[in-house]
Amino acid sequence: MSIAGCQSRDPEILNRFLHNAEIITITGRSSGDLPRPRGTSYIIEMKTRKAIWSGVKTDPDCDVLILGGGVNGTGLLRELALQGIRCILVDKDDYAAGASSKSSRMIHGGLRYLENAEFKLVSEAVCERNLLLKYAPHYVGPLRTTIPITSWFDGLIKSPLVFFGLPVTPGGRGAVIVKLGLCFYDLITGKNRQTPRHFFLSKAKSLTEIPGLKSGIACTATYWDAWISQPERLCVDMAREACRVMPACAALNYVTSEKADRDHVLLRDTVSGETLTVRPKVVVNATGAWVDFANRTLGVETRFMGGTKGSHLVIDNRALYDALGDRMVYYEHADGRICITFRFMDKVIMGSTDIRVANPDDAMCEDAEIDYMMTTLKGVFPDLKLSHDDIVHVFCGVRPLPASGLDYTGRVPRAHHLALSESDNTRGFPIYSMIGGKLTTFRAFAEQVADTLLARLGKRRVVSTRERVYLGAEGYPKGEAEKRQWIGRVAAANGLAAERVAALLDRYGTEAERLAQRREPQWRIPLNALPDYTVGEILMIAESEQVLHLSDLVRRRSVITLLGLANETALAELAEIVGDVLGWDAARRKQEIDLALREARGRK
């Protein structure tokens, strides 16, 4: 016998689970140390954030303290929890508040990294892209990608110079160079292929397929990568899964690491101001662009990071939306910078810039960047009527790139690595800093870091995540026909409209079936401003996903802000619902609305 979600026979771990769980279902369990959890087979509602904090205070010893709740940190938490390692994860902000929620939302092999001879990274990224397509299909889908090419032979001299590391700015990639890259791209996919092979189209066929595309092209090349709908929810899901399979683990947002001494790290809850100390055997710094800042609070001076900011626009323009169809256009601007534009739900995302920043907290999308991106897009669709009024949202993230003396930011290596700051006379535990990493390769990076930590802790790996489904992906329908059948079945069984079930499936994967079975009246009451959501759904997120601010809900538990839907009317309605759960008075609700509005406009 085991407690649902607790996959250990250790009495101490079971007691910790009982301390942290509010709703517990007792079930039978098959043999095996850590079997794969079935995402829809049980319900676990964790205690409030306050209760989790109290649990850490009562039991402050842990194997690994993870700083950072982005995709690297939560991916590592999941990886270690599955090996039975007790971890405590904290983030000074909300989960996925950094680059994880502010990237281009691409899951890609890194075609352009071939020019920098980063073959190992490209091979790893293509492999991980394929694994995400297979094991996280509710969030990650294939994306046809088309490259407009203006010449046949450009780059035959420059690209080899870039390849061999000479100080040359990339640019001018002709059809021959692109063909060589795409052939290699297809080759490394091998037998694990999840996408079709590339192909080229003539100028005439290209202009027919993509209305409004600039006429001065020689041809187009098309290949497949992938996109991710909700990386923020993926991070939350990985934290949830970690705490299910290893109930002694804990994850907390809005908690800072203040200082370290011989055996302890002081943590501060930025909401209540309360502090506590934890005793880790190892600290992992997974704070992305903030790695050097976080190390400094622990008394370690490092110069690991050299992040660059990437700004993006979300556009509502029907002509552009229709012209793109189901493809991303991946194009080169006159300065050699690679840009992208593709459909995202009912809008279009385009970007991005690549500008060095000294402090990631200061990063924001400047007006000059908006003008630059609009100019690049007009260079590809010259007759498109596009104005600033079409922009519904702007966002800016900082890439966690390693420090580099390179003048051209596009040449900075994109590979990830682990840096060790060994224990010393004042600090009895080592600090491992995760340098680099991205949405595509987070699992591989987490796996590599976990193996290093397991060796240090004298533990062995008992579970592989390589072919492990993510929460919400268990039993996910394959293909559009099967998806329609799934939606129809769940809708009929629960008296819901097919559109409502489809929305839940898109947001939560196959956990949507459990949510569709909810019978509380508020689950049938749609919001006035956002009829795609119900009162019950918003209540669930606010109550069970550590929402502390309205912006947590609209930016990092949903895509409300990203799609330009976080207007004053919608935010006021949401603030009433969330405020009732979190005990906000009228002044606090107004404060939260103002903050969310400011962030929706791309301003801090």
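Is Arg518 buried, partly exposed or exposed, and what is its relative accessible area? Arg518 is partly exposed, with a relative accessible area of 24%. The legends below describe close-up views of a predicted model.

**Figure 1. The whole chain is shown as an overview of the predicted model.** The chain has 604 residues, and 60% of them are buried. Its secondary structure comes to 19 helices and 22 strands. Among contacts with a separation of 6 or more, 71% are between residues 24 or more positions apart. The accessible surface comes to about 24,200 Å², and carbon and sulfur atoms account for 54% of that surface. The structure also holds 47 salt bridges. Some of these salt bridges are the subject of the next views.

**Figure 2. Arg518 and Glu520 form a salt bridge.** Their side chains meet at 3.0 Å, taken from N to O. Arg518 is partly exposed at 24% relative accessible area, and Glu520 is also partly exposed, at 29%. Elsewhere, salt bridges that share partners join six residues into one network: Asp94, Arg233, Glu545, Asp552, Arg556 and Arg557.

**Figure 3. A salt bridge joins Lys483 and Asp506.** The distance from N to O is 3.4 Å. Lys483 belongs to helix 13 (residues 479–494) and Asp506 to helix 14 (residues 498–508), so this pair ties together parts of the chain that are 23 residues apart in sequence. Lys483 is buried, with a relative accessible area of 17%. Asp506 is partly exposed, with a relative accessible area of 39%.

**Figure 4. Glu537 and Arg507 meet in a salt bridge.** Here the side chains come to 2.8 Å, N to O. The pair links distant parts of the chain, 30 residues apart, with Glu537 in helix 16 (residues 535–544) and Arg507 in helix 14. Both Glu537 and Arg507 are buried.

**Figure 5. Thr534 sits in the loop between helix 15 (512–516) and helix 16.** Is Thr534 buried or exposed? Thr534 counts as buried, because its relative accessibility is 5% and the cut-off for buried is under 20%. The side chain of Thr534 makes a polar contact with the side chain of Arg500 at 3.2 Å. The Thr534 side chain also reaches the backbone nitrogen of Glu537, again at 3.2 Å. Leaving aside neighbours within four places in sequence, the residues in contact with Thr534 are Arg500, Gln522, Trp523, Ile525, Pro526 and Leu527.

**Figure 6. Glu592 is found in helix 19 (residues 586–600).** Glu592 is buried, with a relative accessible area of 2%. Which side chain makes a polar contact with the side chain of Glu592? The partner is the side chain of His549, at 2.9 Å. Not counting residues up to four places away in sequence, Glu592 touches Leu548, His549, Leu550 and Trp584.

**Figure 7. Helix 8 covers residues 231–245.** This helix has 15 residues and reaches 21 Å from its first C-alpha to its last. That span is close to the 21 Å expected at 1.5 Å a residue. Of the 15 residues, 14 are buried, so helix 8 is largely enclosed by the rest of the structure.

**Figure 8. Gly351 and Ser352 are joined by a cis peptide bond.** The omega angle of this bond is about -5°. Ser352 has its place in the loop between strand 18 (347–351) and strand 19 (355–356).

**Figure 9. Arg105 has a positive phi value, in a residue other than glycine.** Its phi is near 60°. Arg105 is placed in the loop between strand 6 (87–90) and strand 7 (106–107). Arg105 is buried, with a relative accessible area of 1%.

**Figure 10. Tyr254 has a positive phi although it is not a glycine.** What is the value of phi for Tyr254? The phi of Tyr254 is about 55°. Tyr254 lies in the loop between strand 11 (250–252) and strand 12 (255–260). At 9% relative accessibility, Tyr254 counts as buried.

Terms used:
Residues are numbered from 1 along each chain as its sequence is written. This is a predicted model: local features need pLDDT of at least 70, side-chain atom pairs count only at pLDDT 80 or more; totals for chains, interfaces and linings use all residues. Side-chain values use heavy atoms; hydrogens and water are left out. A salt bridge is a side-chain nitrogen of Lys or Arg within 4 Å of a carboxyl oxygen of Asp or Glu. Helices (H or I, at least four residues) and strands (E, at least two) are DSSP runs, numbered from the N terminus. Buried means under 20% relative accessible area, exposed over 50%, partly exposed in between (1.4 Å probe, protein chains only). A polar contact is a pair of N or O atoms within 3.5 Å; within protein, one must be able to donate a hydrogen and the other to accept it, and residues adjacent in sequence count only if both atoms are side-chain atoms. Contact means heavy atoms within 4.5 Å. The expected span of a helix is 1.5 Å times one less than its number of residues. Accessible areas come from the Shrake-Rupley method with a 1.4 Å probe; for residues, only the protein chains shown count as cover.
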